[in-house]
2 protein chains.
Amino acid sequence: MRASIKDIAKITGYSITTVSLVLNDKGDKFSKTARERIQETAKNLNYRPNRHAVSLVKQHSKTFGLIVPDISNHYFAQLATGIERGCQKYGRMMFLCNTNDQHVRNIEYINQLAEMGVDGIFDILSGDTTQEQGMEELQLMNDLEIPHIFVDRFLDAPEFGGIRNDHIRGGYLATKHLIDLGHRRIACVTGPKLLHDARQRYEGYCKALIENGIRPEEQMVYQGDYSVQSGEEAISAWPKDSYTAVFACNDASAMGVSRALMSRGISIPQEVSVVGYDDAIYSQMVQVPLTTVRQPIQEMGMAAAKCLMDVVQDHTMLQEHIVFEPQLIVRASTARRRDL
Amino acid sequence: MRASIKDIAKITGYSITTVSLVLNDKGDKFSKTARERIQETAKNLNYRPNRHAVSLVKQHSKTFGLIVPDISNHYFAQLATGIERGCQKYGRMMFLCNTNDQHVRNIEYINQLAEMGVDGIFDILSGDTTQEQGMEELQLMNDLEIPHIFVDRFLDAPEFGGIRNDHIRGGYLATKHLIDLGHRRIACVTGPKLLHDARQRYEGYCKALIENGIRPEEQMVYQGDYSVQSGEEAISAWPKDSYTAVFACNDASAMGVSRALMSRGISIPQEVSVVGYDDAIYSQMVQVPLTTVRQPIQEMGMAAAKCLMDVVQDHTMLQEHIVFEPQLIVRASTARRRDL
């Protein structure tokens, strides 16, 4: 049997992550001694990286791991439930790992899940993941020879296969709805800018504006992080009366926007229209039920499970995206611009 | 080293659960052949059950498992986040297992977590767990020699140690608040009757009524299951005008009650007051912010982690309850009885 990254880690005493980074020429931050020792050991063992196939000799534990950024965020809780239902259908148990949106914890959990012998990993990237770190995360799973797919969040790289939504379309639908109601000064609270899905929602927003002859303006865009608080901060940051509508890139930040507007005595939708994104359970229970963009979470969950089963069975790496279409759900938080 | 239940399972080919049940005289449902084979093997291996101590020779994986009934229920998502924060403080990773409130899946996950070598388990019972099944679940963890504590839900047995809330006090606070507002006809939507915590909330409700000279009436109590739907069903089941206030034993069923009342044109709190339980995130975002009972989830999470660390270190079984005090949070859904 050929030598693996695990063998090298065991022999040298360095962690799998360290070995993986060094052997992929990303080990600059480690000492020269460490790098030399790892490279020498790899050479002695005749190590060859195996990037596009997973081991054929693995035992099946009938378990999958799911790495999520924040389980107390209702969207991820729902998505996890959907994926778990899918796993059950295929007779797999699922272990959930919560990262608090920290890339470093994705890495820890990937190592630990591999150690525990799960058959595959559903990976959702953390909000602080840079392009480089995302590539490292992918590389680590390849080096550990653990079947994996990405769900929901992606980086701009063809290697990132998995299940996602067409968020450009989602952002477009939300913004076009506001434009159709006569709004022209439409503010936007974005998600974490490192995240592909957040950038896509913003891209959809810009696309709808431009198509309708409205120039996107930088001062109308607040860089948020998908939290309630960032929605509240956005309202504090924008000059009053500078907008008649807000597109918040998720429901949590839309809640923050709504709360901040109401606490200032600004009525929704009479004075300001608000659109969210996700269709979280609370979006229809709130004071002014929220117009939002729904992602087909249950279907995504089932598809994710099927997809990872295929990856495990075919011993391949998934390099395509399975893309779902979001849907606009119109509720009471949006109305025709009142001065029209 | 002495023989374990695992050894017997391996030799006989039966599952750990089966072996555990048979050796604890709870194997009536299995064939005579199976029972005899297991008992004979146990005898040959000189097997002795080990009920009150955990193995001293285990390797530490620095991981814990948390078994939760329903991760899409915001209360459990918050509790999981709290426990995970506690685990992090002690340098432990946490794997979350979702059971969809099915006892059979608690059993599956306990076996799997033990198999994977976690150092300990936080167990939350499923809503369908009978007294007998709960004892079997406890017995299984003892037989697997896996350190464990119960969190949030308990059975009436001294062996069930762990972290919980004083739900009698919680149910009492909610009901007493309504009585203080002049209500006498107070309906109640309970949780699953098998659950200790649900029965305690109901007990607190009865206690407050009786202390104030109101006789609890069976037809005013709807047997719910902590779901939004069961709150809606309760309103359909009760005759209109037979009550002026409702105590729903969790926020989700209080949401159902509120939705059903509003859809019938009954105003909250002018016509009917509603109290929930949990202080879920949405309870203050809804149309009429909900008066509710708050459980100190973050503190519970930290205490649970500390407690399991102690159990692991001391190689003992926890046989005491660490009890937290709930707190009444008054919002807009309760008001003085209007005919007073």
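Colleague: Through which surface do the copies meet?
Modeller: Contact means heavy atoms within 4.5 Å. Of the interface residues of chain B, 100% are also interface residues in chain A, so the copies meet through the same surface. This is a predicted model: local features need pLDDT of at least 70, side-chain atom pairs count only at pLDDT 80 or more, and totals for chains, interfaces and linings use all residues. Residues are numbered from 1 along each chain as its sequence is written, chains are lettered from A and ligands numbered from 1 in the order in which they are written, and side-chain values use heavy atoms, with hydrogens and water left out.

Colleague: How are the two copies related?
Modeller: Two copies of a chain are related by a rotation about an axis and a shift along it. Here a rotation of 180° with 0.0 Å of shift along the axis puts chain B on chain A, with an RMSD of 0.1 Å. The two copies are thus related as by a two-fold rotation axis. The superposition is by least squares on the C-alpha atoms of residues with pLDDT of at least 70 in both copies.

Colleague: Next, helix packing. At what angle do H1(A) and H3(A) cross?
Modeller: Two packed helices are described by the angle between their axes and the distance between the axes. Helix H1 (residues 5-12) and helix H3 (residues 32-44) of chain A have axes that come within 10 Å and cross at roughly 125°. Helices (H or I, at least four residues) and strands (E, at least two) are DSSP runs, numbered from the N terminus. Axes are lines fitted to C-alpha atoms, for helices over the stretch in contact, and angles run from 0 to 180 degrees between N-to-C directions. H1(A) and H3(A) are therefore oblique to each other. Angles under 35 degrees count as roughly parallel, over 145 as roughly antiparallel, 65 to 115 as roughly perpendicular and the rest as oblique.

Colleague: Which residues in H1(A) and H3(A) meet?
Modeller: From H1(A) come A:Ile8, A:Ile11 and A:Thr12; they meet A:Arg37, A:Ile38, A:Thr41 and A:Ala42 in H3(A). By class, this contact has four nonpolar, two polar and one charged residues. Ala, Val, Leu, Ile, Met, Phe, Trp, Tyr, Cys and Pro count as nonpolar, Asp, Glu, Lys and Arg as charged, and the others, Gly among them, as polar.

Colleague: Now the sheet. In what order do the strands of chain A run?
Modeller: Two strands pair if DSSP finds at least two bridges between them. In chain A, four strands form an open sheet with the order E7-E6-E8-E9, and the pairing is parallel. Strands E7 (221-222) and E9 (273-275) of chain A each have a single partner strand, so one side of each is left without a neighbour in the sheet. Strand E8 (residues 245-248) pairs with E9(A) over three bridges. A:Val246 stands opposite A:Val274 there. Helix H7 (residues 167-180) of chain A packs on the sheet, touching E6 (186-189), E8 and E9, and its direction makes about 170° with that of E8(A).

Colleague: And chain B: which residue is the bridge partner of B:Cys188?
Modeller: The partner is B:Val221, in E7(B). Two bridges join E6 (residues 186-189) of chain B to E7(B), and these strands run parallel. Helix H10 (residues 251-263) of chain B lies across E6, E8 and E9, at about 160° to E9(B).

Colleague: Last, backbone angles. Where is the peptide bond that is cis in chain A?
Modeller: Most residues other than glycine have a negative phi, and most peptide bonds are trans. The bond from A:Ile268 to A:Pro269 is cis, with omega near 5°. A:Pro269 sits in the loop between H10 (251-263) and E9 of chain A. In chain B, the bond from B:Ile268 to B:Pro269 is cis, also with omega near 5°. A:Lys62 has a positive phi, near 60°, and lies in the loop between H3 and strand E1 (63-68) of chain A.
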